[in-house]
Amino acid sequence: MRVLTNVPRANVTLSLHYFVGDPDPPPETKTADAHGFAGFGLPGSAELVANCTVVARAEGYATARASDVPIGDVELRLDRGVAVRGRVVDDTGRPVVHAAVTGVGERSVATEADGSFEAFSDKPGPVAIHVEDVAFLPRDAAAVAPAEDVRMVLERGLAVSGRVTFKDLR
């Protein structure tokens, strides 16, 4: 598997996803060479690989990601960016998974399994952060990019429960 980035010395991580059977192997990370190239050898069971995820990171650049790509050549372009990283948790401290984090940069990012997020602003300075999840009340906060350890605590929304009945149509 060959990965080319526009940033020499970027850290490139390859995660393989198998069709069925064996568990997916642990991700492998390499440092791209002076031309932005990183090569990965595939395991002996390469025919069982359904697809892969490739992530490239470099200081001063927004993380680039390609998901569900077939095995082969991948090109990832990293754009300049200032990181805002943090976690979204509920009021008991448990991570909120797949919450939408917006306001930093041009696109929304989803929180990971541990509630962490990584978003990028195009320049240092104040940024507004908005977090939404269907089970929680939305939350707004401010940070100054670059920022680490931004912690967003969401309150659970009101639960609605009941029983739906229909009038007898006879």
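1. Let me start at Phe-40, which sits in the loop between strand S4 (37-39) and S5. Strands here are DSSP E runs of at least two residues and helices are H or I runs of at least four, numbered from the N terminus. Phe-40 counts as buried because its relative accessibility is 5%, where buried means under 20% relative accessible area, exposed over 50%, and partly exposed in between (1.4 Å probe, protein chains only). Leaving aside residues up to four places away in sequence, Phe-40 touches Met-1, Val-3, Val-12, Leu-14, Glu-28 and Lys-30; contact means heavy atoms within 4.5 Å. Pro-8 is 32 residues from Phe-40 in sequence, and the C-alpha to C-alpha separation is 16 Å.

2. A quick word on ground rules. This is a predicted model, with local features needing pLDDT of at least 70 and side-chain atom pairs counting only at pLDDT 80 or more, while totals for chains, interfaces and linings use all residues. Residues are numbered from 1 along each chain as its sequence is written, and side-chain values use heavy atoms, with hydrogens and water left out.

3. On the overall fold: the protein chain has 14 strands and zero helices. The C-alpha trace spans about 70 × 50 × 30 Å along its principal axes. The radius of gyration is 20 Å, whereas a compact globule of 170 residues would be near 15 Å (taken over C-alpha atoms; the globule rule is 2.2 Å times the number of residues to the power 0.38).

4. How much of the chain is buried? Of its 170 residues, 38% count as buried. The chain exposes about 10800 Å², and carbon and sulfur atoms supply 53% of that (Shrake-Rupley method, 1.4 Å probe; for residues, only the protein chains shown count as cover). Among contacts between residues at least 6 apart in sequence, 52% join residues at least 24 apart.

5. Now the largest pocket, which holds about 880 Å³ of space. Of its 29 lining residues, Thr-63, Arg-107, Val-109, Glu-118 and Phe-120 are the closest to its centre. A pocket here is an open set of points on a 1 Å grid over the protein atoms alone, where a 1.4 Å probe fits, with protein on both sides within 12 Å along at least five of seven lines; lining residues have an atom within 4 Å of a point.

6. Which element gives the largest share of that lining? S11 does, with six residues. The elements that give two or more residues are strand S2 (11-18), strand S5 (49-57), strand S6 (64-69), strand S10 (109-110) and strand S11 (116-121). By class, the lining has 11 charged, nine polar and nine nonpolar residues.

7. Glu-59 lies in the loop between S5 and S6. Its relative accessibility is 77%, so Glu-59 counts as exposed. Asp-122 is 63 residues away from Glu-59 in sequence, yet 13 Å away in space, C-alpha to C-alpha.

8. Some backbone spots to look at. Ala-145 and Pro-146 are joined by a cis peptide bond, with omega about 0 degrees, and Pro-146 is in the loop between strand S13 (139-145) and strand S14 (147-154). Asp-149, found in strand S14, has a positive phi near 60 degrees despite not being glycine. Asp-149 is exposed, at 71% relative accessible area.

9. Where does His-98 sit? His-98 is in the loop between strand S8 (82-90) and strand S9 (100-102). Its phi is near 65 degrees, again a positive value in a residue other than glycine, and His-98 is exposed with a relative accessible area of 62%.

Conventions: Grid points are joined across faces, edges and corners, and a volume is the space filled by probe spheres set on the points. Ala, Val, Leu, Ile, Met, Phe, Trp, Tyr, Cys and Pro count as nonpolar, Asp, Glu, Lys and Arg as charged, and the others, Gly among them, as polar.
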